[in-house]
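Me: I have a new structure open and want a quick tour. Can you take my questions as they come?

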Amino acid sequence: MTSTVDLEAVAIAAARDLEEASAQDVLRWAAETFGKRFCVTSSMEDAVVAHLASSVFPGVDVVFLDTGYHFAETIGTRDAVAAVMPVNVITLKPLHTVAEQDAQYGPQLHDRDPDLCCSLRKVEPLNRGLGAYDAWATGLRRDESPSRAGTPVVAWDAKRRKVKIAPIARWTQEDVDVYVAANGVLLNPLLWEGYTSVGCSPLSCTRKPAEGEDGRSGRWADSGKTECGIHL
Ligand code: SF4
């Protein structure tokens, strides 16, 4: 299924039909509908969606964006997922290394222009990598932040001409914790150190959340930026 007209119609129908479906049923539908042209993306903060997808679609592609700025714990989580789970981890890299980016734009672009840095190191690689797929799943949840409160379970990603799926959009943090405990799902070790959202390692991009603030408040905390651009 590669006709974008067909894909948009599929997305619209599924958005209507699957809003109340379980995460497993949503992922089963995606696997049956798109087969190998379906992938899961993971930031390797945890392996919840990868675990859910692999339970209904063993060997599913799990796409990871290696920005060159990740914590060692995040790379370790990716490697552990690849080693022990029935998934096919695919690592996407930016067109330029950090050193090449520094040479072109100056050092620490993340502090000066995080939107450009995310565009170069996340959005472009993802857009390029998703060329191989008709549908992609993310771990977005409505309870993560105000900017994600309206996340649909299935949507038409018009910018990329893909079906975008958020199988755990309706889950709460408690739902995640219960699933992780019941299934022994791999977690990024930084979650035990007080981080609640794990992105790139510069302090301007990821820090522990402030008391009483939402789980993503530690991302780009000193700027008005709330999303890297992948989900905008
Ligand atoms: S999160 Fe920070 S370091 Fe990572 S791509 Fe975005 S601005 Fe750059």
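Me: Let's start with H231. Which residues does H231 touch, leaving out those up to four places away in sequence?
Reply: H231 touches W136, T138, L140, R148 and K164. Contact here means heavy atoms within 4.5 Å. This is a predicted model: local features need pLDDT of at least 70, side-chain atom pairs count only at pLDDT 80 or more, and totals for chains, interfaces and linings use all residues. Residues are numbered from 1 along each chain as its sequence is written, and side-chain values use heavy atoms, with hydrogens and water left out.

Me: How far apart are H231 and K164 in sequence and in space?
Reply: They are 67 residues apart in sequence. In space, the C-alpha atoms of H231 and K164 are 9.8 Å apart.

Me: Back up a bit. How many helices and strands are there?
Reply: Eight helices and six strands. They are DSSP runs numbered from the N terminus: helices are H or I with at least four residues, strands are E with at least two. Along the sequence the pattern reads α-α-β-α-β-α-β-α-α-α-β-β-β-α.

Me: And how compact is the chain?
Reply: Its radius of gyration is 17 Å, close to the 17 Å from the globule rule for 232 residues, so the chain is as compact as a globular protein of that length. The radius is taken over C-alpha atoms, and the rule is 2.2 Å times the number of residues to the power 0.38. The C-alpha atoms fill a box of roughly 45 × 40 × 35 Å along the principal axes.

Me: What share of the residues counts as buried?
Reply: 49% of the 232 residues. As for contacts between residues at least 6 apart in sequence, 68% join residues at least 24 apart.

Me: Now the inside. Which residues have the most contacts in the largest nonpolar core?
Reply: W29, F34, F38, V48, V163 and I165. That core has 45 residues. Its largest share, seven residues, comes from α2. A nonpolar core is a set of buried Ala, Val, Leu, Ile, Met, Phe, Trp, Tyr and Cys residues joined through side-chain atoms within 4.5 Å.

Me: What is I165 in contact with, beyond its neighbours within four places in sequence?
Reply: The list includes V26, W29, A30, F34 and F38. W136 and V153 are also among the contacts of I165.

Me: Which residues are in the second core?
Reply: Among them are L65, V123, W136 and I230. This core is separate and has 18 residues.

Me: Switching to charges. How many salt bridges are there?
Reply: A search of the whole structure finds 14. A salt bridge is a side-chain nitrogen of Lys or Arg within 4 Å of a carboxyl oxygen of Asp or Glu. One of them joins R142 and E19, at 3.0 Å from N to O. R142 is in the loop between β4 (135-137) and β5 (154-157), while E19 is in the loop between α1 (4-17) and α2 (23-34). The pair links distant parts of the chain, 123 residues apart.

Me: What does D134 pair with?
Reply: D134 forms a salt bridge with R37, the closest N and O atoms being 3.1 Å apart. D134 lies in the loop between α7 (114-129) and β4, and R37 in the loop between α2 and β1 (38-41), so the pair ties together parts 97 residues apart in sequence.

Me: Are those two buried or exposed?
Reply: D134 counts as buried, at 3% relative accessibility. R37 is partly exposed, at 29%.

Me: Where do E124 and R128 lie?
Reply: Both are in helix α7, four residues apart, about one turn of the helix.

Me: Last topic, rings. How many aromatic pairs are there?
Reply: Three. W171 and Y179 form a tilted pair, 5.6 Å centre to centre with 55 degrees between the planes. Rings of Phe, Tyr and Trp (its six-membered ring) pair if their centres lie within 6.5 Å; planes under 30 degrees apart are stacked, over 60 edge-to-face, and the rest tilted. W171 is buried at 16%, and Y179 is buried at 10%.

Conventions: Buried < 20%, exposed > 50% of the residue type's maximum accessible area, 1.4 Å probe, protein only.
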